[in-house]
Amino acid sequence: MNSLPSAAAPTPTTFGADERDAFRRRVLSLSRRLDRSLPWSGSSAWAIYVSEVMLQQTSVARVVEPWTRFLDVFPTPRSCAEASTADVLRQWSGLGFPRRALALQAATRVMVNQYEGEVPSSVDDLRALPGVGPYTAHAVASFAFGAPVGVVDTNVGRVFARVIANRPLRASEAQELAHDLVPPSKSARWNQAMLDLGAQYCTATPRCSQCPLRDQCRWRLEGGPDPSLRSAAVSRPQKTFAGSNRQARGRVLRRLESGPTTRRVLEGSMNLDDADRMKEIIDSLVSDGLIERRANKFCLAGDSAR
Ligand code: SF4
């Protein structure tokens, strides 16, 4: 969690009921204009669930193709639950953060055992699934089931801090604000419009001159330092990927997608020259449950290939 100012904070918004309703109407009126036509919009609860897990720490552009492929192979939670972990990891290829794939498959087994193979609809039940945090639970509840809950990702957290508060917001404040603002009967449309606004205009380097909310944005009207920079709901840039252990782990998994192989081959795939580091990377993949050792070879977890 990011550190935040310790001084007593003012209320998150000066919105009264009338201002809140006007802001709701304004955002809803912009929803078509803001719509990015994401392929999972309006699709099944399972398709939305998969998209939201894939979108954790990953851009929309990188998710579209793997999402389509994944659903072709695993059209239901049950089909994913019954697959080998190796096959799930193969369909996850190219997305990174592969522990998400393990959590996704573990979640489908809960769906099969507790929810008759369906995605649960309540935020509490979603939060109890492996790999599901507050953002994912609220997003699936809203987009798949129309639950009247506010969705706060890094983009929406930035919008709230700038448009409404003009000061850094704690994560809990941003979430409270989101719940207060969401129109109960238009949850999915509202939340998608807020995400679209944050993704297209109110980015880290905002496009204020083209933004449709520029006449209502407190930061733009009042000035001052960018309030999103110290907001808890706004993420920081990820560490450099090139040369990282994350990159080397990905290379090992890629190599194992085509079948079991020896430690020597895996080490060669990493493009590193530090023996201790290569051992550490292979050990971490084993302890994470992503790969297994069988006799003198390694393979993806649960791989039936010889
Ligand atoms: S005017 Fe600028 S800061 Fe305000 S919501 Fe629009 S893009 Fe964001």
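The ligand is surrounded by 14 residues, of which the closest are C202, P206, C208, C211 and C217; a residue is counted here if its C-beta atom, placed from the backbone, lies within 6 Å of the ligand. The structure is a predicted model, in which local features need pLDDT of at least 70 and side-chain atom pairs count only at pLDDT 80 or more, while totals for chains, interfaces and linings use all residues. Residues are numbered from 1 along each chain as its sequence is written.

Two helices stand out in this shell: α10 (154–165) and α13 (218–222) each supply at least two of its residues. Helix α10 gives the most, with three residues. Helices (H or I, at least four residues) and strands (E, at least two) are DSSP runs numbered from the N terminus. By class, the shell holds ten nonpolar, no polar and four charged residues. In this scheme Ala, Val, Leu, Ile, Met, Phe, Trp, Tyr, Cys and Pro count as nonpolar, Asp, Glu, Lys and Arg as charged, and the others, Gly among them, as polar.

Turning to the chain as a whole, its secondary structure comes to 16 helices and two strands. The C-alpha atoms fill a box of roughly 70 × 45 × 35 Å, taken along the principal axes.

The domain assignment gives domain 1 (11–238) and domain 2 (245–300), with bounds that come from an automatic or database assignment. Their C-alpha centres lie 33 Å apart. Eight residues of domain 1 are in contact with eight residues of domain 2, where contact requires C-beta atoms, placed from the backbone, within 7 Å. On the side of domain 1 that touches domain 2, α6 (85–91) and α7 (99–114) are the elements that give two or more residues. The largest share, three residues, comes from α6. This side of domain 1 has four nonpolar, two polar and two charged residues.

What of the nonpolar interior? A nonpolar core is a set of buried Ala, Val, Leu, Ile, Met, Phe, Trp, Tyr and Cys residues joined through C-beta atoms within 7 Å. The largest one has 77 residues, and V50, V140, F160 and V252 touch the most other members. Both domain 1 and domain 2 give residues to this core, so it lies between them. Residues up to four places away in sequence aside, V50 touches W67, F70 and L71.

Helix α11 (residues 171–181) has E173, A174, Q175, L177, A178 and L181 as its buried residues. These pack against α1 (17–29), α9 (134–145) and α10.

Two single residues complete the picture. S187, found in helix α12 (residues 187–200), is buried, with 21 other C-beta atoms within 10 Å. Beyond four places in sequence, its contacts are S142, G146, A147, P148, V149 and V182. F241, in the loop between α13 and α14 (245–257), is exposed, with 10 other C-beta atoms within 10 Å.

Note on methods
Buried ≥ 20, exposed ≤ 12 C-beta atoms within 10 Å, placed from the backbone. Contact = placed C-beta atoms within 7 Å.
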